[in-house]
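Me: Got a model here to go through. Can you take a look with me?

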Amino acid sequence: ELVKCKLRSDDVSLLAAALPRSGLQRLELAKNALTSNELAALASHLEASKVEDLGLENNELGRGSALSALEHAYSKRPIANLRLEGNRLSQRELADLMASLKRLRSKSGID
């Protein structure tokens with residue numbers, strides 16, 4: 001659990017790069033002031049990881065290319081429990097994103 005650890009961008013990049021080899025199934029990164037840069041680094045390695053529970057609550061994540069990268073990774077391998085509350089997303093944006101991810105999950109046949 002890496003909640004409120006003041007992770008830097010290079011910390012997240014190193015962690016993300018190690019995910020495919022780690023076998024880690026739960027990753028808690030809440031309250032680390034993560035931005036789009038860190039999310040993009042993380043998203044690029046999620047597809048090859050075993051992460052099934054990803055906590056990204058209360059960071060600085062907003063709409064944009066990083067969330068698109070997360071959506072793309074999710075479309076390749078859905079994450080069973082993804083939490084994004086408390087970021088720079090309106091309630092509507094968060095609800096729309098989660099609905100989109102749910103549709104992707106249904107398409108993949110995983111429920």
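Me: Which residues does Leu29 touch, not counting residues up to four places away in sequence?
Reply: Leu29 touches Leu2, Leu7, Leu15, Leu34, Leu42, Gly55, Leu56 and Asn59. Contact means heavy atoms within 4.5 Å. This is a predicted model, where local features need pLDDT of at least 70, side-chain atom pairs count only at pLDDT 80 or more, and totals for chains, interfaces and linings use all residues. Residues are numbered from 1 along each chain as its sequence is written, and side-chain values use heavy atoms, with hydrogens and water left out.

Me: Is Leu29 buried or exposed?
Reply: Leu29 counts as buried, because its relative accessibility is 0%. Buried is under 20% relative accessible area, exposed over 50%, partly exposed in between (1.4 Å probe, protein chains only).

Me: And where is Leu29?
Reply: In the loop between strand 1 and helix 2. Helices (H or I, at least four residues) and strands (E, at least two) are DSSP runs, numbered from the N terminus.

Me: Switching to helix 2. What covers its buried residues?
Reply: The cover includes helix 1 (9–22), strand 1 (26–28), strand 2 (53–55) and helix 3.

Me: Which residues of helix 2 are buried?
Reply: Glu38, Leu39, Ala41, Leu42, Ala43 and Leu46.

Me: At what angle do the axes of helix 2 and helix 3 cross?
Reply: Roughly 15 degrees, and the axes come within 8 Å. Axes are lines fitted to C-alpha atoms, for helices over the stretch in contact, with angles from 0 to 180 degrees between N-to-C directions.

Me: Which residues make that contact?
Reply: Ser36, Leu39, Ala40, Ala43 and Leu46 of helix 2 meet Ala66, Leu67, Ala69, Leu70 and Ala73 of helix 3.
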